[in-house]
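Here is a friendly walk through some local details of a protein model. Have a look at the sequence and the 3D view, and then read on.

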Amino acid sequence: MPAIKIMSGAAAVLLSVLLPAAELIVNGDFENGKTAPWKFLKGGKTTTLTMVTDSSPDGGSNVLAVNIRDERKVQLGQNLNLGPGTYKFSGWIDTTRCSRPGGYSQIYLVCSINGKGKNLGVFGTPGTVPGSGWRKFPWKKSENVITIPPGGKIKGVRISITNMTGTILLDNLSLIPYSKAEQLADEAKKEAEKKLEAARETAPQIRFEPCTVRSLYLADEVPGLKIRLKNPVQRSVAVSVKFRTVDYFGKPVQESAEEFQLEGGGTAEKVLKFPDCRKPGFYCTTAEWKAGEVQGSVQGSFVKVGPLLKKKDPLFGISYFSTMDPDSCDKMGVGTKGILFRWTQIRNRKEREQAMKYALELKKHGIEVVGDFSMSRSKPLKWMPKDKLVKGREPTMEEIKAVVVPFIEKTVSDYKSIITLWSGGGEINLMAYLSKNALPDYIEFVKFTYTAVKKANPEASFIALKCSGADGRNIPRFPFTRKVLPEIKDYIDGFGPDQYTAGQRYGKGCMNLNSEEAQLRPIMLEMVRIAHEAGKEIVTIDEKGPSIFRSTPLDSPLGRTMANMMAREYIILKTVPEVRYWLYFRPDNWSKTTKADYGMWEQGNPRQVVSAYAATARNIAFAEFQKEIKVHNDIPCWLFRKDGKYLAAVWYNGIGKLKVALPDSGAVQTIDVQGNPVELVGNAFSLDEAPVYLTAEKAETLEQLLAEAASGIDELALALERRSAGSTMLIVRNVSGRKITLKVKNAAVSEAAGQSGRTIPYTDEIRLVSGETKTLEKPISARSVKFDLETENGRKYTVSKTFAPVKVPRVDGFADLAKYPPCLLNDPQRQIPAIDDLKAHKIYTGPNDLSAEFRTGYNDRYFFLEVKVRDDAHVNPTAGKRIFAGDCVQFGFDANRDALMKLMRGARGFTDDDFNFISALAGGKRMTYCYAASQETRGRLLDKVYGIQPEITRDDKSGITLYRIRIPFADLAPLKPEKGRIFGFTVVVLDLDPKQPLYHIHYSTGLAGTQNPADFPAFIFD
């Protein structure tokens, strides 16, 4: 055995910290999911103990919930038998779900010292003595060091609760021996943290700066980054810096190290060169540095682009909301650039001259220019000539028209040789929420803008009806567009929606869809169909672009996924030839203070998305779409023809990577998302989320290659679902490119985990063509179900599920709901997207900032929903259609519990039996608004304030907002109040604090962000 080295002093202290002390309380972290050996010592007749899995304060997954209804005194604990010594006693407690003031709770050790009983290490609610007062508080950790003298004994640990109702949460109750070495280690650790914090304040400051505009480099240029160091103290400091450069895929490219000597208060800078970064693509350099005890790191990045395009594909656009210079647009391969013409420019000659210069530069670089006119009043009192205003009133539309029309005519005339496509800005479906005059004003703007544009340049085109992405994501798609189109179809030449797809924000904790789940192609095909029906030929995307939390590292895999998805969506749009361009929204940061933005650059440093954009603009520029190659549902593949050859853009949506073996003849060439040859291992490469381009002389060669690659992955997608307590549905989808015959062999069922069940034999046969989905329903009510299946060629499949729907009790009204345990939304790690970023920017500060629970119930007439929200500040000024833009409660139903079946058939989002409501106390008004309704109720509910006003009370002192919402089942059709009926349901709570962005917590995914009712948990009428 190896020799053991004895350490002393600080080393011995460190060793004692590394070796954890034995835990003396059994199941104090409740991670085994059981309550034993904890037991009731007093009370317990109506008080219950349950495990909560969604609110752990300090790691782990289980929390003990003590649910007290009407018992004055409750005590639980476990016995111990520990002798003299020093111990550390600690634990976590949360009382935010308690409802009776004046009570208190204590957690303590029962001890015997010198023959007398004594309670030690007491902690609990503030004011632990009866009558001393009590207040609620979120998760709080307490820690005490206790010493038991000779002859003393610790006999047990107790949890005592007096005069309280509701739910107390407990976690990580701990008792460990506490040696002198551990005490010294804790003190040393605290002292070291103080010294380190002081050292950080005086440590050198280091940052990277780009050496060229936007850090873009052509193939023959050697990239560079400037590192700048500053010494904030008046003594000399030596700084050791290690440099590590990686590419788009995280592969190391170049490493070096250097030491900088900084004089007191001095600076130093150096330009680093990167000759090893030869290929086109994204490169990120991390500088890790050390000065004394302080360590830190900083990142910089640059992008090498491929050859400049002689002709640019107009699909690749950059929006109006950008100051991006023409030279950078040229290097990226931008084909279209927008310029915004505001009414406020009417009297500003300097701005008009700058816009003209900018437009001419873009044209010189071969970039198509699109002009955008504001389509709203834009505070006319500030921009209209004073002689056109009447004091004391807003100008009429005719008065505005008299000023604006000449401006439009002059602008269109001035740019006649540069701009032939004009756009009418503004997301009108959102603008219409703001005031009742927004829509009629917009329609009037569209009419006179179209007329003015045509008068100034009859050859010019004008597009409008620009709606937000929500209009296209709705089911049926584009309802607002269809509603308004009859009034303005004679005054537009096409459509330019701001077609954001769901899940467009990236960063740690964010939930994102891949490019197929986001449904961009079906959305735009529907837009094309609407345009053709209206006799229009022009379809564009006037605003779209993924966004990212700015704290996300430049080389983060999350940023790479964002770049991959953007590249894929450009490829997908290339399959819809009618879409003329996609204007990427705001490549620059809005401001220095924004937490998340659409920036391709972060403080001058390009992200991976810049490189993916530049490469995609070159890879598929002017490619002609041929067809979709259907080899497998998880292998999207789009076939184009370019430069006399066939080009297949392909990626993999399955788990892990897919191996693709190339023909030995070299008949297929491969290019990655960066525009470089794919790295081969042998004669094969791995396919994942990043698009790869395969080129061959014949389309058949590519189809055969991909069919062989798909042969090794599952040909079937399987799921189990239940719509009533008495039956189970097996859902099967053929995700392969061939016909399949499937035999259902048996079902294994049981009532509890680990319990032996029974096997039911079956002989059902299912035939499916490629892409087909079928269901098989069986009278199985067991809690756990597993089906075994086999295809005609012997491939075996298994699908299983444990059904545990949330019970919805039958009640007479809201007063009865308190009898039942709530559903909690309070775990920030699971329930708040991007929790780390929100905490870092102090947008979310803990359960006191936002936490919630809800209860449901029903009777023959009503569905009852009660939501209790803890929120430090209630902010919602937006009554009406925009109540979602402040503090509110959102809830949704999948009435027929069929969303999973529809999703497997390719239908995502709200369909004909789904509901989406929002309730809020907004602008002093209590209201519920319906944003999605079933086919039966759509006519009377959709896009309307709901007729039954919710009961909403706000107590600023306690920070509690209580929502009580009841909806008649007549308004939830096809949902019926039948015992045993199962439906999908979820709740979201949104929070808007002063000077902070809106964010949410949720009971499940599927409602806020990425709308997918298939994610709603199952609820059952009990």
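Gln519 is buried, with a relative accessible area of 13%; buried means under 20% relative accessible area, exposed over 50% and partly exposed in between, using a 1.4 Å probe and protein chains only. Gln519 sits in the loop between strand E25 (505-506) and helix H11 (520-533). Helices (H or I, at least four residues) and strands (E, at least two) are DSSP runs, numbered from the N terminus.

This is a predicted model, in which local features need pLDDT of at least 70, side-chain atom pairs count only at pLDDT 80 or more, and totals for chains, interfaces and linings use all residues. Residues are numbered from 1 along each chain as its sequence is written, and side-chain values use heavy atoms, with hydrogens and water left out.

Most residues other than glycine have a negative phi, and most peptide bonds are trans. The table lists some spots that depart from this pattern.

| Where | Feature | Value |
|---|---|---|
| Gln519 | positive phi | about 65° |
| Ser215 | positive phi | near 55° |
| Ala36 and Pro37 | cis peptide bond | omega about 5° |
| Ala973 to Pro974 | cis peptide bond | omega near 20° |

Ser215 lies in the loop between strand E11 (205-210) and strand E12 (216-217), and at 0% relative accessibility Ser215 counts as buried. Pro37 belongs to the loop between helix H1 (10-18) and strand E1 (39-42). Pro974 is found in the loop between strand E56 (960-968) and strand E57 (982-991).

**Strands and their partners**

How many residues of strand E26 (residues 538-544) are buried? Seven of the seven are, so strand E26 is largely enclosed by the rest of the structure. Two strands pair if DSSP finds at least two bridges between them. Strand E24 (residues 494-495) runs parallel to E26, joined by two bridges, and Gly494 has Ile538 as its bridge partner in E26. Three bridges join E26 to strand E28 (residues 579-584), again in parallel, with Ile541 opposite Trp582 in E28.

Elsewhere, three strands form an open antiparallel sheet in the order E39-E40-E44. Strand E39 (716-724) and strand E44 (773-778) stand at the edges with a single partner strand each, so one side of each has no neighbour in the sheet. Strand E40 (residues 727-734) pairs with E44 over six bridges, and Thr728 has Lys778 as its bridge partner in E44.

**A buried lysine**

Lys902 lies in helix H17 (residues 899-904) and counts as buried at 16% relative accessibility. Leaving aside residues up to four places away in sequence, Lys902 touches Ala907, Thr911, Asp912 and Asp913, where contact means heavy atoms within 4.5 Å.
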